[in-house]
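Let us walk through this structure in two stops.

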Amino acid sequence: MKSKTSIVVRSFVLGTLLIFQSVQYSFAQENCGCDLSGKGYSVMHFPDDMPGHEIPGGIVDPDSEFAFPETERIETIDPSELEPLPGTGYFVPGQGYTFTPYPSGHDVWFVPYVNVSDRLAACERVRDAITWREGDGRVVPFKNWSDYQKQRLDALFQALWNGNPNLGVRRPDLKKALHRKRIYLTRLEAFDMFAVNVAHSLFLEATRQTRWRLGCYSEKDLEHIFSSDVYCTPIKPSDETDYPSHIKAGRDYQQSFATQNAPLIVYDPRAAFEFMSGKHANNKISLLGWDQEETLTFLTTFMHDYWNHGDNWGLHAGVDWKKTVFLADQLAPAPAKKKARMAYSGCHHFAGIFQALSRSVNIPLANVGTQEYKTYTGYYGNRSHRGLIYGVGSSDPRILWHVDEIYAVRPGPIFPIDSSSKQALLPNPGMRRFFEVKWAKASDLQKWGFVYSLEQVKPGIGWGSNDAKNYEDYYEFGWFGGYWKMSDRAQKLFKKPPVNMAEWDILKQYVGDLSGQWNLECYYQLGVWDFVKFACDAQYGESKMRQFVKDTTTGNRTGHTPPVVRPISDYWQRVNDCLNAHGGCQSAEKKNKDWEKGRQ
């Protein structure tokens, strides 16, 4: 009989997160010299006949080039000096503004002092990280933005502060914007998508909705929240002319290169924040931790349990990929699924979703390209995986070198143990073990043969050598994170990427032994189901496991010695220790079945 316990018990018992989330995060980190809270109030008035004045700051005519209806900021005053007009009342921060016809016939708002420029003056590091790439490729820092751009950011910040259900963000018409499996945006649509995400991040900081502070991040970290290249990038003029009729190269925009194989746009980051805080229709479990790493631990666990790897934009599953481009669509269970979500184009989609969710709570991650081995042959977007890096500004960041490693490569529940006592790890320490193993420190991953090489990729140069030539319409290819070492002999064998399974098998004799040995160590440390299940095969389990380990660890021709070399007998002992600590084969098999049901 199916018990309630069997339904809720998952690979990491996510329900226990509720216990750890009962703490109210009122004890914030120090500001690190950055205070965006702001002080005082402003009074703004708008002419009655100004179109679209339901959003403070106005709605711009889509046909104009960053035109902005005139707005008069009358004065800045202290709250104690605020005298309500007859029949009005006071503005209540976080709840909205008081609206009344002004005696002169103008509409009046008493609004919080939201001039973002003034707020950022108290936080130059954050201010200088906010950059917008113009249509001609120029990168423009915030302090050099046009008046319209700054006022538009003010308006979106104000809409977030007021809790407006509709933020007034310009969204593209998907019937026109989706073309060649890419998203094309007008200049105004692109700027709004970027600006609303910037406003959301600043709003979280100003209202202290996370325990960590933006001012404590490095300039490199902040770039992955506040650079427009994270969200979209201008179309570089080239010989390419196959664009929607309303899109013009050199003026308009397309999705960032990191998401070129997985269209994903975020026009209301509040949905992602609600998802992370457990207040979303598709998630009632808070994933906010005590600090950034604990939050990433919870998110890694959740996505391991509830995401599946798609295939070719879901075409094989009968999914219309055009209905998956907004983040809100990605957060809902996939069609024909009860709980599971789908990364429709695999690691490219998954990395974008993970990055957007973490960014919604002001945790910057670098979405990077990574490779199985060092080669410049073939188009960069086709020969690279997607990885994520936390702490790019630190000397030893954490690297999830290929995001498929946490949800698609030998997925299943884990059975971790304490190496000394051989006792099963409780759910929370087990989740932490999963995070720390998969998100390895760069220094540890390099010991296993991974070359950490964080650099921006330019078309026609280095990693971007094989671009689309005269038809290349990207100014940049985003960030590259690293690759696995490979022997000189293997590089001579393959002047171009392997084209069939036989060639891949040959290649893995030279490079797979490093990434494969790293994965084997992960299996050992975590007790993954596909590893420990060997011990449940009484007749052939040990021989199968020995062959598996032998195939993974032999043939090392790179000249690189892994930091840990274990005899095969150690692996057999480990799988038995893991199973014994977690109740034996029957208990483990049931846990795996429950885990699989949760992904249906």
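**A helix pair and the cavities**

Helix 20 (residues 541–553) and helix 21 (residues 568–581) pack at an angle of about 130°, with their axes 10 Å apart. Angles run from 0 to 180 degrees between N-to-C directions, and axes are lines fitted to C-alpha atoms, for helices over the stretch in contact. Helix 20 and helix 21 are therefore oblique to each other; angles under 35 degrees count as roughly parallel, over 145 as roughly antiparallel, 65 to 115 as roughly perpendicular and the rest as oblique. On the helix 20 side, the contact (heavy atoms within 4.5 Å) includes Gly541, Met545 and Val549. On the helix 21 side, Tyr571 and Trp572 are among the residues taking part.

This is a predicted model: local features need pLDDT of at least 70, side-chain atom pairs count only at pLDDT 80 or more, and totals for chains, interfaces and linings use all residues. Residues are numbered from 1 along each chain as its sequence is written, and side-chain values use heavy atoms, with hydrogens and water left out.

A cavity is a set of points on a 1 Å grid over the protein atoms alone where a 1.4 Å probe fits but cannot get out; lining residues have an atom within 4 Å of a point. The count is five cavities of 30 Å³ or more.

Key:
On a 1 Å grid over the protein atoms alone, a cavity is a set of points where a 1.4 Å probe fits but cannot get out, and a pocket is an open set with protein on both sides within 12 Å along at least five of seven lines; lining residues have an atom within 4 Å of a point. Grid points are joined across faces, edges and corners, and a volume is the space filled by probe spheres set on the points. Helices (H or I, at least four residues) and strands (E, at least two) are DSSP runs, numbered from the N terminus.
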